[in-house]
Amino acid sequence: MIRKSVTIHSSLLFDPKKKAFVKSVSIRVDLQSGSIVDVYERASDDEIRDGDIDLRGKVVMPGLVDAHTHIFLHPYGERISTEQFRDESIIERTVRATNHVRDALLAGYTTYRDLGSEAMENYDANLRDCINRGLIPGPRLFVATHALASPAGYEIRSESRNQHGLVLPAASDDDDGPWGVRRAVRRRAGAGADVIKFYADYRKRVMRFPPLHPAVIGKEKAGAGIRFPPDHGEINPAVPLYTQEEMNAIVEEAKAEGMAVAAHSGTVAGALMAVRAGVTSLEHGQMLSEEVVAEMATRGTIYVPTLTVMEMGLPKKEYKEAQARLMAAYSKGVRLAAGGDTGTFPHGENAREVELMMEAGVKVEDALEACMVGGWEACGKELSGFRFGFFEKGARADVIALETDPREDPRALRKVSFVMKDGEMYKSDGVASPSDDDACERLGGRGPSQAKARGVVHESRAEDGGLGWARSRWSIGPFARPS
Ligand SMILES: [Zn+2]
């Protein structure tokens with residue numbers, strides 16, 4: 001018999017809307033729609049029925065949201081971004097992304113806001129659709145497709161560009177002028193983007209003193225290998241890519257199309273224009289003046305500090321400044337979301353960002369909330385078409401469980417032993433995708449016993465009007481590995 005619903009029981013649960021840990025809460029999940037139908041405090045004499053999911057003894061929370069990711073990137077430490085964009089095949093990058101999204105989901109990340117395909121056209125939208133169609137397991141993706149930049153603002157640089165030379169893939173949708181950027185937003189919407197990402201500024205002047213390969217110069221900064229490099233000012237400073245008028249047009253057009261807007265920023269001028277234009281979130285914010293912070297607090301602009309990529313790439317002293325910027329914004333009440341620029345470091349280690357936020361001084365409850373409700377808000381709240389990042393009737397049934405309490409164990413977010421997304425269970429007792437019928441029975445008998453040789457189970461849904469829409473219930477075989 002196919003069960004219509006399942007109830008999850010907890011003894012300790014984090015409620016991000018209350019920013020509090022609460023006791024004895026149960027959650028009833030509708031397995032057809034994958035949404036929560038009831039959240040209630042369990043009476044002490046309530047028995048746990050056969051087929052329920054018992055997560056008592058663990059710490060239950062909503063699935064995590066990474067607000068700044070790149071599914072097609074693997075760590076820069078393995079290969080610098082230019083080489084990933086230029087030299088890796090579409091197939092390799094897609095196969096890697098398939099692994100990345102699985103790793104993220106098994107680490108408890110049920111939603112990704114993916115901010116730019118990084119020279120992979122609109123394939124992020126295609127990968128999102130593969131997940132939504134049940135072909136592979138992964139988080140709920142909200143993708144930007146190409147990020148917007150003004151001409152030559154964000155592209156693959158090469159000294160070998162001549163009239164018959166190398167043809168490089170586009171790394172951005174580049175256009176300018178108020179109508180040009182509106183056209184770019186319109187192209188993104190038509191290409192399947194969920195959110196708009198633009199570069200308010202960028203370190204675009206790298207070709208003035210182009211670096212040699214790291215194999216030649218090691219970890220030296222840009223300009224290494226040049227005799228007598230300039231000693232006044234930065235060798236490749238970030239510069240604004242748009243005017244205020246252009247940023248206003250991007251945000252206005254994105255809002256008209258119902259999309260949230262994220263702005264990359266590394267300068268005060270770029271950050272200020274982006275915030276004033278009304279962006280949903282500011283990414284990195286490597287230079288934030290008091291004025292920018294005050295404006296963000298007033299306007300409710302979300303700050304995604306991406307500490308993880310900074311910890312990785314900055315000297316200690318500069319990283320400390322990044323921590324200080326976060327704390328300055330936090331103390332002024334700026335809204336936070338957690339996203340590490342994941343992909344520049346391994347997918348699956350997403351939780352590093354929340355750990356670093358806590359390490360910088362953000363309260364545990366606030367850091368967790370930023371990785372839940374904050375992430376949902378960064379996706380545009382209702383504009384995203386879903387409710388997630390919190391437990392409430394009608395929200396997606398995204399549920400995870402930790403083995404330890406993050407108030408006591410700073411590494412608790414690395415100990416995810418249970419993952420449910422949209423009412424489907426991807427990890428239980430620390431093991432990915434159960435491949436035995438007993439485990440499937442717990443969720444209503446849909447499982448590998450119905451699987452055909454291909455290892456993915458599809459179940460047609462009557463309400464899809466016979467269009468052949470199917471979604472997998474279980475992924476077995478290659479996906480069944482502990483993580
Ligand atoms: Zn990024």
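**Overall architecture and two local packing features**

Among contacts between residues at least 6 apart in sequence, 68% join residues at least 24 apart. The model is predicted. Its secondary structure comprises 14 helices and 23 strands. Of the 483 residues of the protein, 47% count as buried.

Strand S6 illustrates the buried part of the protein. This strand spans residues 64-69, and six of its six residues are buried. S6 is therefore largely enclosed by the rest of the structure. Its pairing with strand S7, residues 109-114, is parallel. Four bridges join the two strands. Within this pairing, Val65 has Thr111 of S7 as its bridge partner. In a regular strand, side chains alternate between the two faces of the sheet.

Helix H4 covers residues 178-191, and helix H6 covers residues 244-256. Their axes come within 8 Å and cross at roughly 30°. Angles under 35 degrees count as roughly parallel, so H4 and H6 are roughly parallel to each other. The crossing of H4 past H6 is right-handed. On the H4 side, the contact is made by Pro178, Val181, Arg182, Val185 and Arg186. H6 contributes Glu245, Glu246, Ala249, Ile250, Glu253 and Ala254. By residue class, the contact of H4 with H6 holds six nonpolar and five charged residues, with no polar ones.

Note on methods: Residues numbered from 1 in each chain as written. Predicted model: local features only at pLDDT ≥ 70, side-chain atom pairs only at ≥ 80, totals over all residues. Buried ≥ 20, exposed ≤ 12 C-beta atoms within 10 Å, placed from the backbone. Pairing = 2+ DSSP bridges. Axes fitted to C-alpha atoms, helices over the stretch in contact; angles between N-to-C directions. Parallel < 35°, antiparallel > 145°, perpendicular 65-115°, else oblique. Left-handed = near helix turned anticlockwise from the far one by under 90°. Contact = placed C-beta atoms within 7 Å. Nonpolar A, V, L, I, M, F, W, Y, C, P; charged D, E, K, R; others polar.
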